[in-house]
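Biologist: I'd like to learn how to read charge pairs in a model. Can you walk me through some?

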Amino acid sequence: TGINAEYMGAFIERDPRFETVNPEKERENLYEDFMVDLERKSKELAKASRKDNMASFRTLLEETTGITAQSQWKKVQELLDEDNRYQILDKMDRLIVFEDYIREMERREEEERIKDREDRKKQERRTRDEFRALLKEMYTDGQLSHRTKWKKFAEQIIKDHPAYLAMEKQGSARDLFEDYIAELENSIKEDKKIIKQIMQDINFVITPGTTLEEFTNAASANSQFADLDPASVRAIYDDLQDKLESREKEASKKQQKLLDKFKDTLKGIREIDDTSAYDECLDLFNTSSAYTAVESDDECRKVFEEYVAKLQKKREERKDKKKTEARG
């Protein structure tokens, strides 16, 4: 401690309290206890003072603009060296406080990055949910079907809707749309199996003239129908009608080819002219493959009469042309 028992004797031996303590050894013990306690208090004061000074320096760092998690200690010192809160600390304590401050800034930045990433994911999820809800709503309302193509959907149906624009900004609107359409196709495929079975069970045959209401009323007689989504039922009805229409078009196209072939046959028969009658000429072509391939005699009669009418028109045109030339 720098103070021993001899010095103490010379310093306080005249104090009456000194004489009250005996023997000498006891005085030395009291002195040593006092000095130990004094040294402890001195260290505690120094520790508290160091802690306060480091806290003040930390405040200085926080008040200084331009310090970031990437700042270097060497450059930061140049901003602080004239401040008393910097000067009062030794080099090591300054560096300790600075490094601790930088670590905390890095931690806060990482927390902000994590939070921003989570917030972005949440927003993206909300955007996807809103867009998917919109697709479902449009499907239920009949604006969208499992056969809707992306180009038409994006350019004509939904191009100005906020939910679409937000999803498009994320760059995944088409992917989500096509995923939804694929789900619809699978769902409708399964529901179609149920509908077909119901149609078989109730012996119902859909025709081009069958309305959606008639189709629904007939199918609802089966208990399984209640579990089907009305939008899905409408889509299946549309599919069946489109299939019937496609078959009709194909049959009509095939029939027209046969009629065209029959017409070509008529053109090759020299006996047929603009005065010919169908029944009188029937023996000229009724054994030909072009005639027998057409199932309806009425259709053949119609083609024949149209052909003859065309011949008659050409004859009139020739007559009119001759008259015009004669007058000229």
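Biologist: How far apart are Arg-108 and Glu-104 in helix H6?

Modeller: Keep in mind that this is a predicted model. Arg-108 and Glu-104 are separated by about one helical turn, because they sit four residues apart in helix H6. Their side chains meet in a salt bridge, at 3.0 Å from N to O.

Biologist: Which residues are linked with Glu-104 and Arg-108 in a network of salt bridges?

Modeller: Arg-58, Glu-62 and Asp-100 are in that network too. Take Arg-58 and Asp-100: their closest N and O atoms are 3.4 Å apart, in a salt bridge. That pair links distant parts of the chain, with Arg-58 in helix H3 and Asp-100 in helix H6, 42 residues apart.

Biologist: Is Arg-58 buried or exposed?

Modeller: Buried means under 20% relative accessible area. Arg-58 has 15% relative accessibility, so it counts as buried. Asp-100, at 36%, counts as partly exposed.

Biologist: Which residue forms a salt bridge with Lys-192?

Modeller: Asp-239 does, with the closest N and O atoms 3.2 Å apart. This pair also links distant parts of the chain: Lys-192 belongs to helix H9 and Asp-239 to helix H11, 47 residues apart. Lys-192 is partly exposed at 22%, while Asp-239 is buried at 13%.

Biologist: How many salt bridges does a search of the whole structure find?

Modeller: It finds 24.

Biologist: And which residues gather in a patch of positive charge on the surface?

Modeller: Patch members carry no salt bridge by definition. Here they include Arg-117, Arg-120 and Lys-121. Arg-117 is placed in helix H6 and is partly exposed, at 36% relative accessibility.

Definitions and conventions. Residues numbered from 1 in each chain as written. Predicted model: local features only at pLDDT ≥ 70, side-chain atom pairs only at ≥ 80, totals over all residues. Heavy atoms only, no water. Patch = residues over 30% accessible without salt bridge, like charges linked within 9 Å, V, L, I, M, F, W, Y side chains within 5 Å. Areas by Shrake-Rupley, 256 points an atom, 1.4 Å probe, with all protein chains shown as cover. Salt bridge = Lys/Arg side-chain N within 4 Å of Asp/Glu carboxyl O. Lys, Arg positive; Asp, Glu negative; His and termini not counted. Charge placed at Lys NZ, Arg CZ, Asp CG, Glu CD. Helix = DSSP H or I, 4+ residues; strand = E, 2+ residues; numbered from the N terminus. Buried < 20%, exposed > 50% of the residue type's maximum accessible area, 1.4 Å probe, protein only.
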